[in-house]
Amino acid sequence: MRIVLLGAPGAGKGTQCMRIVDKYNLLHLSSGDILRQERANNTELGKKAQSYMDSGALVPDELIVKMMAGAISNAPEGGFVLDGFPRTVNQASALDKALEAAGQKIDVVLNLVIDDQIVVDRITGRRSCPVCGGVYHVVNMKPKEDGLCDKGCGQLIQRPDDTEEVVENRLANYHSQTEPVVGYYKDSIGVCDFDAAGAVDDISGLVFKKLDSLS
Ligand code: AMP
C-alpha cells in the first residue's frame, strides 16, 4: 500500500503516520524527519536546507524531489506512507512520474483537515523526540513522564520551527503552496478528507476503516 498523507503543519500527520505504519507494517517516509537527519549529519543537503527550515519556508523542489525519490526507491515492496511530501504541485507531479517509471502508483491520499487557530495552539505546544520522531503535546498528548519520550529515547524538544513566530509563516506557505496539492489529487486519484480537530484515537479509527476497505 502506498499512501500520501496531506494536511497543514500541526494537523497531526506525524502522529497518524506512526499509527498507520505500526498497524500496516509500512515504511514511514517523512520529508521533514529526513531533512532533520541530514542536518544532524551535517551533510551538504542538510546545510542547504537549514535556512529555509528555520524560517518556515519550503526547501526548493529540486532538492526535495531528489531526496524523496532516493528514499522511495529504497522502500520495501510492502509500501510506505509519505508524510510532508509532496508539498507543492511540482513535487506531486514529479512523484507521479518517478513512481510511474518504477511501475508503481499512489493507492490512496488521506487529507487531515484543520482550522488555522487550532494549528497554532497545537504546534506551539508540540514536543518531539529527536531520536525516534515521536510527537507529543504539553496538554493534549502528554508523555508518561514530563519532558521524556515514552520509548525511552530521552529528552523531548521543541523544534525551532514550532515556535509561534514561525508557525504563521508555515501556515501561509501551506495555504499558498501545499493546498493546491489537495486539488491536484482531487482531480486525479481522489482524496479522502478527515476532520483532524477531534481526538487522535477517533481520527485513527476512521483512517484505519478507510485503509481496511482498500486491502
Ligand atoms: P515538517 O516536519 O514536515 O513540518 O517539515 C519541516 C520543514 O522541512 C518545513 O517547514 C520545510 O522547511 C521543510 N520541508 C519538509 N518537507 C518538505 C517538502 N516536501 N518540500 C519543501 N520543504 C519541506
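These legends walk through close-up views of a predicted model.

Local features here need pLDDT of at least 70 and side-chain atom pairs count only at pLDDT 80 or more, while totals for chains, interfaces and linings use all residues. Residues are numbered from 1 along each chain as its sequence is written, and side-chain values use heavy atoms, leaving out hydrogens and water.

**View 1. The shell around the ligand.** Here 16 residues surround the ligand, and the closest are Ser31, Arg36, Ala57, Gly84 and Arg170 (a residue is near if one of its heavy atoms lies within 4 Å). Helix α2 (residues 31–40) supplies the largest share of this shell, four residues; helices are DSSP runs of H or I with at least four residues, numbered from the N terminus. By type, the shell holds seven nonpolar, four polar and five charged residues (Ala, Val, Leu, Ile, Met, Phe, Trp, Tyr, Cys and Pro are nonpolar; Asp, Glu, Lys and Arg are charged; the others, Gly among them, are polar).

View 2. Look for Ala57, where a backbone N or O atom lies 2.6 Å from a ligand oxygen. A side-chain N or O atom of Arg170 is 2.7 Å from an oxygen of the ligand, and for the side chain of Arg36 the distance is 2.9 Å. The protein buries 96% of the 480 Å² that the ligand exposes when taken alone (Shrake-Rupley areas, 1.4 Å probe).

**View 3. Helix α4 against helix α5.** Helix α4 (residues 61–73) packs on helix α5 (residues 89–101) at about 30 degrees, with axes 10 Å apart; axes are lines fitted to C-alpha atoms over the stretch in contact, and angles run from 0 to 180 degrees between N-to-C directions. Asp61, Ile64, Val65 and Ile72 of α4 meet Asn90, Gln91, Ala94, Leu95 and Leu99 of α5 (contact means heavy atoms within 4.5 Å).

Notes: Helix = DSSP H or I, 4+ residues; strand = E, 2+ residues; numbered from the N terminus. Polar contact = N/O pair within 3.5 Å; in protein donor to acceptor, adjacent residues only side chain to side chain.
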